[in-house]
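Please examine the sequence and the coordinates before reading on.

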Amino acid sequence: MNIHMTIFGGTGDLCSRKLMPALYNLYIREELSDSSSIIAIGRRDYTDEQYIDLIKPWVHQFARLGRDLSKFDSFAKLIHYYRMDFTDPSSYKDLEALEQHCCVSSVHLVYLAVAPQYFRTIAENYAKLSTATDSRILLEKPFGETLEDARLLNTSLEQSFGSDHIFRIDHYLGKEMVRSMLDIRRTNPIFANAWNKDFIQAVEISAMEEVGVETRGGYYDQAGAVKDMVQNHLMQIMTILALDQPDQPSIREQQIEIMHSLRKVDPKEIQNQMVLGQYEGYRNEQKVDPKSTTETFAALRLYLDHPRWQGVPFLLRTGKKCKERFSEAAILFKPANEHTAPDVLRIRIQPTEEIHLEFNVKNPGDQAGLQSVQLSFCQSCNDIFHQNTPEAYERMLLACANNDSSWFTSFEAIETSWSYIQQLKDAYRSSNLPVYPYPQNENGPREADRLLEPFSSHWL
Ligand SMILES: NC(=O)c1ccc[n+]([C@@H]2O[C@H](COP(=O)([O-])OP(=O)(O)OC[C@H]3O[C@@H](n4cnc5c(N)ncnc54)[C@H](OP(=O)(O)O)[C@@H]3O)[C@@H](O)[C@H]2O)c1
């Protein structure tokens, strides 16, 4: 396919680690033709050659098909570096001229790989160019800094580009195991028939990180774990797991229906719904307020007022500086009786892609009793599977080029989850609940265990 891609933030981390490697993979797969073009925009003073030298090692390190760079030189011919200050309206005219000169394309993607406070400035300036006609704009969380801000941003983008041309990325929706969840439910009667309140006692979703805020302290201190992780990624996974008809194409609509069924926040019960924590040493991180009360850990116990899920808690947790890095969904089935362990289906999303089923068998020989054993499948451990599994950004860029919006987030979903999260945060703040400190290398503060009971023994 002939694709022209304009990347604002061409010298940033997202572009180097994710976008360029994804574009290289698409080139190797011949999804990106030799008549395609990529304009990478930054403020630094590079020639095309210098920029290409800069990104080559990133492609080698991060592209799944980047071990062999024999086609890198022909890929590099698609790339142009363009220096501009995107806050300066006068610099867009030359960009338009470059795009008219170098870019013959059937599909035009514009990626905003920049800090969110620039989304509107760029969109409004870029929309005035003749080359903006029919372009599709891609952007990622955080979508606004508050609900009000998200609405303003959305109005501005829709006025500039039209609602069908906006592709809001939640890259978790491009992850292999998140996609697999629907197929696991759809095609395996052993799970499909038991996927409800009669057989499931809890659903657990975790996204734990070993790292702290690193260089992103300025952004993170304004956002916190709830807005950075829960409001988007964890909510997406929860709604994928909970939606009613995994075999129907209306996935986005069903996800929104699940969000609308979230039990209303009761400010008097907030201590039983959410616990926030902050890792020790966070206030000494670069660009973090030394008196910050921003949470770096959040645990939530949510219920859905939905016939399939009445009474089943959805336990969500995410944190930085935790024991281990992993993202996972675990389905805890009801035990056969009080003497047996529950079956558990674990779907590991990252860093490896795995599925484990824990179930009971008889103890060997003449020993009395049962033991819980595990059946395991590791998709990413198999080199051939791994090589053939597109990474999230590769998948999302191709879906956008194909005008397939089904795996992108609708504004209604963003608005609904923003509004729910805001109610939770407001209730927490007005109840004067603390943000509990926790030691580094722990999975959050002890106070969160109370919220997760009686299932906390099944957390990893
Ligand atoms: N990094 C990730 O893995 C990741 C993951 C998910 C979401 N995101 C989101 O993606 C966005 C980008 O993140 P990032 O980590 O790539 O940020 P970053 O490393 O700070 O990069 C920012 C980019 O913006 C450019 N820039 C800033 N001000 C500019 C100006 N006035 N004119 C022209 N260029 C300017 C910078 O160019 P210079 O070379 O001039 O500095 C750089 O290319 C953010 O919204 C972030 O939340 C990132």
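Which β-α-β unit do S4, helix H5 and S5 make? The unit is right-handed, meaning that, with the strands pointing away from the viewer, the path from the first strand over the helix to the second runs clockwise.

## Basis of the model

The model is predicted: local features need pLDDT of at least 70 and side-chain atom pairs count only at pLDDT 80 or more, while totals for chains, interfaces and linings use all residues. Residues are numbered from 1 along each chain as its sequence is written.

Helices (H or I, at least four residues) and strands (E, at least two) are DSSP runs, numbered from the N terminus.

S5 spans residues 136-140, and five of its five residues are buried (20 or more other C-beta atoms within 10 Å of the residue's own, with C-beta atoms placed from the backbone). Arg-136, Leu-138 and Glu-140 point one way from the strand, whereas Ile-137 and Leu-139 point the other way.

Strands pair if DSSP finds at least two bridges between them. S4 (residues 107-112) runs parallel to S5 and is joined to S5 by three bridges; Val-110 has Ile-137 as its bridge partner in S5. Four bridges join S5 to S6 (residues 166-169), also in parallel, and Ile-137 is partnered there by Ile-166. From S5 the chain crosses through helix H6 (residues 147-161) to S6 in a right-handed β-α-β crossover.

## Ligand shell

The ligand is surrounded by 20 residues, each with its C-beta atom, placed from the backbone, within 6 Å. The closest are Gly-9, Thr-11, Gly-12, Leu-14 and Arg-43. Helix H1 (residues 13-28) supplies the largest share, four residues.

Methods: A residue is buried if 20 or more other C-beta atoms lie within 10 Å of its own, exposed if 12 or fewer, and partly exposed in between; C-beta atoms are placed from the backbone.
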